Protein chains: 2
Amino acid sequence: MKFCSECGSANLVLRKTNHDTHSRYTCADCEKIFYHNPKVIAGCIVEHENKYLMCQRAIKPRTGTWTLPAGFMECGETVEQAAQREVWEETGAQIEIIAPYSIFSVPQINEVYIMFRAKLEAFTDEPGPETLAAELLSAEQIPWDNIFYPAIKDILQRYIAEKEQGTFGMYMGCSDEGIVHFMQ
Amino acid sequence: MKFCSECGSANLVLRKTNHDTHSRYTCADCEKIFYHNPKVIAGCIVEHENKYLMCQRAIKPRTGTWTLPAGFMECGETVEQAAQREVWEETGAQIEIIAPYSIFSVPQINEVYIMFRAKLEAFTDEPGPETLAAELLSAEQIPWDNIFYPAIKDILQRYIAEKEQGTFGMYMGCSDEGIVHFMQ
């Protein structure tokens with residue numbers, strides 16, 4: 001941030017104003033304060049006939065790796081709507097959300113992943129341009145050594161283990177620590 | 001937004017770029033794209049000896065109404081850390097988080113409330129400047145007709161009812177629709 005987006009001034013300072021607990025970029029001319037906050041990424045584990053809906057990334061970073069459909073929540077939508085839209089955009093699938101499955105903070109990059117369990121309703125479209133391929137893969141077919149991000153591998157492994165045990169949980173935490181809360 | 005915060009140009013346009021699904025403010029000079037996304041508000045229901053930790057707002061809007069301690073998640077922290085910090089800032093209490101209790105989207109104002117159940121560890125400080133008073137209130141003492149926001153009243157009423165039933169749930173939804181998922 002180099003210029004004030006309200007008045008165009010280059011006179012920006014990092015300043016803690018009034019009772020605020022954090023320093024913010026503040027325009028020394030018009031006094032506008034700029035807040036930067038973490039973003040929500042919403043997505044789903046979509047299970048269908050013992051297979052899991054995964055997509056192969058067409059975009060950087062790590063093009064060609066596999067992941068679960070997920071992406072940035074947009075203004076004007078709920079977390080659930082964001083997850084459904086992202087699944088549709090990245091795989092062409094319509095889904096029904098069952099329950100939240102993970103709230104995973106990544107404070108290093110200011111993101112919060114909210115992931116749901118979901119079931120497949122129908123494939124109604126082609127995957128969008130961010131996806132090379134979208135496929136339903138069995139546990140044996142999942143390319144475990146070629147998954148985008150360690151937390152995605154973890155959540156899939158937990159899902160498959162919990163499914164065998166017959167009770168799904170919900171993870172709350174980050175990569176360092178967290179708790180699985182089990183649902184009824 | 002009137003000026004590009006990267007190059008200072010006033011030549012901003014609302015434009016849908018490449019494969020994006022949404023129009024964004026984009027600088028027609030330096031091509032910088034500006035994304036605006038929903039913000040996370042983290043907070044807690046803190047129960048202690050059948051009383052609930054509430055705070056009276058010292059700030060607008062609706063100064064003087066009562067609410068649960070909660071506020072904007074900041075960069076560099078997890079959702080749980082944000083909730084703990086907000087409780088401490090607004091009430092002076094140290095708490096331990098038990099479990100998530102509500103993920104409540106407010107798409108009208110681009111916010112997602114993530115609320116936890118928590119227990120009181122200690123009061124170690126005075127409430128901060130955003131709070132007129134912080135008090136532990138029994139169900140009978142809660143000023144039900146003077147609560148900041150309808151969803152705060154709803155979540156407190158649900159908590160008290162579930163406590164009597166002996167099983168806590170987790171709400172996932174918005175003001176129009178949602179589901180309570182019960183925990184084991």
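This is a predicted model: local features need pLDDT of at least 70, side-chain atom pairs count only at pLDDT 80 or more; totals for chains, interfaces and linings use all residues.
Residues are numbered from 1 along each chain as its sequence is written, chains are lettered from A in the order in which they are written, and side-chain values use heavy atoms, with hydrogens and water left out.

Okay, strand 4 of chain B, residues 39–48. Strands here are DSSP runs of E, at least two residues, and helices are runs of H or I, at least four, numbered from the N terminus. In strand 4 of chain B, 8 of the 10 residues are buried, meaning under 20% relative accessible area with a 1.4 Å probe, protein chains only.

So who sits beside it? Strands count as paired if DSSP finds at least two bridges between them. Strand 9 of chain B, residues 111–123, runs parallel to strand 4 with 9 bridges, and Lys39(B) stands opposite Glu111(B) there. Strand 7 of chain B, residues 70–72, is antiparallel to strand 4 over 3 bridges, with Ile41(B) partnering Phe72(B). Strand 5 of chain B pairs with strand 4 in the antiparallel sense too, over 2 bridges. Those two form a hairpin with 2 residues between them, and Glu49(B) in the turn has a positive phi of about 50°.

Over to chain A: helix 1, residues 79–91. Here 10 of the 13 residues are buried, so helix 1 of chain A is largely enclosed by the rest of the structure. The buried ones include Val79(A), Arg85(A) and Glu89(A). After the helix comes Gly92(A), with a positive phi near 80°.

Definitions and conventions
Buried means under 20% relative accessible area, exposed over 50%, partly exposed in between (1.4 Å probe, protein chains only). The expected span of a helix is 1.5 Å times one less than its number of residues.
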